[in-house]
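Here are my notes on this model. Please read them next to the coordinates.

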Amino acid sequence: MSDNTMSINLKIWRQVGPDTPGGLQDYRMEGLDKNMSFLECLDLLNEDLIKKGEAAIEFDSDCREGICGTCGLNIQGVAHGPKAAVTTCEIRMRHFPDGGTVIVEPFRAAPLPVIKDLVVDRSSLERIMEAGGYVSTNVGSAPDSNAVPIPKQHADKAMDAASCIGCGACIAACPNASASLFLSAKVSQLSYLPQGHPERGKRALAMIAQMDKEGFGACSNHGECEAVCPKEVSIENIARMRREYFKGALSGA
Ligand code: FES
């Protein structure tokens, strides 16, 4: 075997549907290019399975460059795998030991139920966004870019919060299955900008109420969410979300 290839033993969660029990199945892959992505390895495995007439392994992906937040696997028990600050699609085979065993499971959280194999239903996050993760504006031509001055410090903080790609890794890592980091990034992003101020009180109240309704747990400051976030969104945002919530509640929004 040349220096640039490797083998891997995969233990992959297979589950036919939401209401059927699942389990880990073993697959061995050999002659893999160390520089291929982990998802390309799964693509190759699926090609083999299809050739053999077996069902392909279902998993989500879209951009495959860490932008969209569609991918998301628990790899070796860690949301998005063992490498910090990357998404599942950015993991390369060289990040695993040659000949080692890799356990691959879906994100685990009750409000993100498994649909099939490694695919989970993340529509609960969409419903949280629908509850208040937006600004209401009048339609028309775009305003001049400098018409609303925004302090640089606030613009930077808003951009940092806006880097959340909504992948759900924070929820999968949280022992309470809390969506607080996700939600706080969305609330903070708009609270730093003047355009987000008119609806700020009712936004935090409505989004948190929806999070509770969806069955997500409460934040108890474990910090696991920040540790696995591929975009390194800070848990400072959770404190800001709480301030927004209390301001909204006290103002009767
Ligand atoms: S597929 Fe888009 S972030 Fe991974």
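The points below cover the basis of the model, its cavity and some salt bridges.

1. Basis. This is a predicted model; local features need pLDDT of at least 70, side-chain atom pairs count only at pLDDT 80 or more, and totals for chains, interfaces and linings use all residues. Residues are numbered from 1 along each chain as its sequence is written, and side-chain values use heavy atoms, without hydrogens and water.

2. Cavity. There is one cavity of 30 Å³ or more. The largest cavity holds about 90 Å³. A cavity here is a set of points on a 1 Å grid over the protein atoms alone where a 1.4 Å probe fits but cannot get out; lining residues have an atom within 4 Å of a point. Volume is the space filled by probe spheres set on the points, which are joined across faces, edges and corners.

3. Lining. Residues lining the largest cavity include Cys164, Cys167, Cys170, Phe182 and Val233. The lining has 10 nonpolar residues, two polar and no charged. Nonpolar means Ala, Val, Leu, Ile, Met, Phe, Trp, Tyr, Cys and Pro; charged means Asp, Glu, Lys and Arg; the others, Gly among them, are polar.

4. Salt bridges. The count is 11, taking a side-chain nitrogen of Lys or Arg within 4 Å of a carboxyl oxygen of Asp or Glu.

5. Two pairs. Asp117 and Arg14 form a salt bridge at 3.1 Å, N to O. Both are buried (under 20% relative accessible area; exposed is over 50%, partly exposed in between; 1.4 Å probe, protein chains only). Glu244 pairs with Arg200 at 2.7 Å. Glu244 is buried at 4%, whereas Arg200 is partly exposed at 22%.

Conventions. 1 Å grid on protein atoms, 1.4 Å probe; cavity = no way out; pocket = protein on both sides within 12 Å on 5 of 7 lines; lining within 4 Å.
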